[in-house]
Amino acid sequence: MRVAMVNVPLRVPGDPDTWITVPPQGYGGIQWVVTQIIDGLLDLGHSVALLGAPGSPGGHPRLEVIAAAEPAEMREWLESATVDVVHDHSNGQVGRNGLTVPYLSTFHLTGVPSDPVNCVYLSRAQRAAAGASGPVIRLPVNPRRYMFTGQKRDYLLFLGRVSPHKGAYEAAAFARAAGRLLLLAGPTWESGYADGIKRAYGDSVEFLGEVDRKSTRLNSS
C-alpha cells in the first residue's frame, strides 16, 4: 500500500526559506506525530509519500519526500498521484476536495474541525469538545526514537512552545502549588508571555529554550 502523508506546512520562525522537517529540527509536535506514523507504516512494509515538509531527510527506500509545500501545491500533487490512501495532518489546510482515493484526517487542534468527515481525534475529551462522534486514536510512540536514562533529576516537564495556546503559564502555576521545579523546554516566540511567567513563578521554573532529539539538557542542566 502507498500512503500519502500530508504534514502541516510550517516554516522555521525567522527563516522564511526553511521548513520544519519530518522529523523536526527542534520544535514540531505534529511533525513528530507524522514521523512516528511513518515509522510504523514502513515497519509494516508500506511505502510513504511525504508532503508538506521540504528538506526532510527521507533516508528509506520506501519513503519519498515530495517537494510540494504550500497547500495548493499539495492538493495539485494529490489529485494526480497514484496512492492508495491519504492521511492528512494539515488541520484543514489541504483537505479532501478533489480527491477520489480513501481519505482520513487527524485533528490536532481544539475546537471543531473545518471538515469532520473521516476525521480522527486524539482523545475523548478533544472529540467531546468538537461535538463529534469520530474514532479516537492515541498519539503514536516509537520507543526506538527515545533514549532511556536510568538516572533522572526530580522535576516536572513542560515540552512544547512556551505560548498561551499551550498552557505554559498554567503549568508553572501548578508547579508552584505542588512545590516542584518545572523545566520549560521549548521556543519562546512570544517573549512577553515568557516574561510574565518569570515574574509570577520565576522561583519555580527553569527555561531551557528549544531542545532537539539529541539534547541532553533535560538531565544535565
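Which residue in β2 is the bridge partner of Ala-4? It is Ala-49. The model is predicted, with pLDDT of at least 70 needed for local features and 80 or more for side-chain atom pairs, while totals for chains, interfaces and linings use all residues. Residues are numbered from 1 along each chain as its sequence is written, and side-chain values use heavy atoms, leaving out hydrogens and water.

**Strands**

- Strands β1 and β2 pair in the parallel sense over 5 bridges; pairing requires at least two DSSP bridges between two strands.
- Strands (E, at least two residues) and helices (H or I, at least four) are DSSP runs numbered from the N terminus.
- Of the 5 residues in β2, 4 are buried, where buried means under 20% relative accessible area with a 1.4 Å probe and protein chains only.
- An open sheet of 3 strands runs in the order β7-β8-β9 with parallel pairing. Its edge strands, each pairing on one side only, are β7 (156-159) and β9 (205-209).
- From one strand to the next, the twist of this sheet averages 20 degrees.
- β7 pairs with β8 (residues 182-185) over 4 bridges in the parallel sense, and Leu-156 stands opposite Leu-182 in β8.
- Helix α5 (residues 191-201) lies across β8 and β9, at about 155 degrees to β9. Angles run from 0 to 180 degrees between N-to-C directions, with axes fitted to C-alpha atoms, for helices over the stretch in contact; contact means heavy atoms within 4.5 Å.

**Nonpolar cores**

- A nonpolar core is a set of buried Ala, Val, Leu, Ile, Met, Phe, Trp, Tyr and Cys residues joined through side-chain atoms within 4.5 Å.
- The largest core has 16 residues, of which Met-5, Val-34, Ile-38, Val-48 and Leu-50 touch the most other members.
- At least two residues of this core come from each of β1 (2-6), α1 (29-43) and β2 (47-51), and α1 supplies the largest share, 7 residues.
- Leaving aside residues up to four places away in sequence, Ile-38 touches Met-5, Val-22, Val-48, Leu-50 and Leu-63.
- Another core lies apart from the largest one and has 14 residues, including Ala-4, Ile-66, Leu-78 and Val-94.

**Second largest pocket**

- The second largest pocket holds about 150 Å³ of space. A volume is the space filled by probe spheres set on grid points joined across faces, edges and corners.
- A pocket is an open set of points on a 1 Å grid over the protein atoms alone, where a 1.4 Å probe fits, with protein on both sides within 12 Å along at least five of seven lines; lining residues have an atom within 4 Å of a point.
- Its lining has 14 residues, and Ile-38, Asp-39, Gly-58, Leu-63 and Arg-145 are the closest to the pocket centre.
- Helix α1 gives the most to this lining, with 4 residues.

Key. Buried < 20%, exposed > 50% of the residue type's maximum accessible area, 1.4 Å probe, protein only.
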